[in-house]
Amino acid sequence: MRRQITGFSNPTIKRLRSLREKKHRKREGHFLAEGLRILTEALEEGITPEVLVLVEDTALHPLAERLEIATAKADGMVIETSEAIIAKLTGKSNPQSIVGVYKDHPTDLSLLDRDDSDIWIVAQSLRDPGNLGTILRTGDAVGAGGLILVDDCVDPFSVEAVRASMGAIFTQKIVQASWDDFLIWLRAGKGQMVGTSLNTEKDYQAVSYEKPTFLLVGNEAQGLPSEYEKECDTLVKIPMMGKADSLNAAVATSVVAYEVLNQSRR
């Protein structure tokens with residue numbers, strides 16, 4: 001049964017609105033996801049929202065109706081509200097008409113099974129939520145085991161990162177770890193660490209990628225620190241034929257990740 005809320009000062013709306021801020025997401029252990037496509041992707045993975053917020057008449061869409069039924073069966077809360085309140089929750093002037101509240105799902109590094117996939121993506125000090133979300137989407141597309149975030153990366157459960165992931169936030173394992181902890185874990189088992197760098201002449205297509213490959217990408221502005229590059233088994237570079245000296249971090253990740261996938265398929 002739907003609960004109708006029309007006031008901006010309602011305590012439930014205030015609580016959900018607070019999830020746009022990292023400190024509240026961390027405290028609550030929940031995050032916001034918006035849009036029918038992303039919420040349906042979650043449902044396909046067997047994940048239902050704990051709270052489903054709908055603009056009036058959204059349930060006329062069969063996918064929205066399916067989400068509403070699934071939420072109710074899982075004892076979740078279904079809220080009907082105005083588009084203005086949805087805009088307040090998402091921070092968008094033209095929001096989509098459906099929002100879900102989900103429990104966050106970071107995975108501990110010690111629980112990863114490196115044999116789950118031939119490729120894992122590792123990001124160091126990534127700052128842009130759009131890049132992070134796009135890298136999650138790439139990981140899903142190439143069948144990566146997950147995304148390992150080292151050092152101080154942007155929050156993967158921010159509204160912007162979740163939106164950019166287009167549902168991959170629900171299909172990819174997400175690990176947050178320090179560089180030292182990741183390195184100890186990595187060297188305790190098999191795995192080739194490949195860093196993307198401008199400090200090499202080795203073409204990314206000239207490398208024979210081993211299984212599993214841990215593809216390491218650095219911060220958007222600085223790239224990988226030199227001491228991190230020294231720990232890599234090999235460094236690779238994407239050739240640039242124009243005046244630009246590098247690609248966007250998410251684009252570069254996609255290019256190299258697909259080369260790893262193509263070699264695995266061959």
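## Fold and contacts

In the protein chain, 79% of the contacts with a separation of 6 or more are between residues 24 or more positions apart, a contact being heavy atoms within 4.5 Å. The model is predicted, with local features needing pLDDT of at least 70 and side-chain atom pairs counting only at pLDDT 80 or more, while totals for chains, interfaces and linings use all residues. Residues are numbered from 1 along each chain as its sequence is written, and side-chain values use heavy atoms, with hydrogens and water left out.

The protein chain has 10 helices and 11 strands, which are DSSP runs numbered from the N terminus (helices H or I, at least four residues; strands E, at least two). Of its 266 residues, 52% count as buried, meaning under 20% relative accessible area with a 1.4 Å probe, protein chains only.

## Aromatic pairs

Rings of Phe, Tyr and Trp (its six-membered ring) pair if their centres lie within 6.5 Å, and planes under 30 degrees apart count as stacked, over 60 as edge-to-face and the rest as tilted; by this rule there are 10 aromatic pairs. Trp179 and Tyr228 are stacked, because their ring centres are 4.0 Å apart and their planes lie at 15°. This pair links distant parts of the chain, with Trp179 in helix H8 (residues 179-187) and Tyr228 in helix H9 (residues 226-231), 49 residues apart.

Trp179 is buried at a relative accessible area of 6%, and Tyr228 is buried at 10%. Ring pairs join Trp179 and Tyr228 with Trp120, Phe182, Trp185 and Phe214 into a cluster.

Terms used: Buried < 20%, exposed > 50% of the residue type's maximum accessible area, 1.4 Å probe, protein only.
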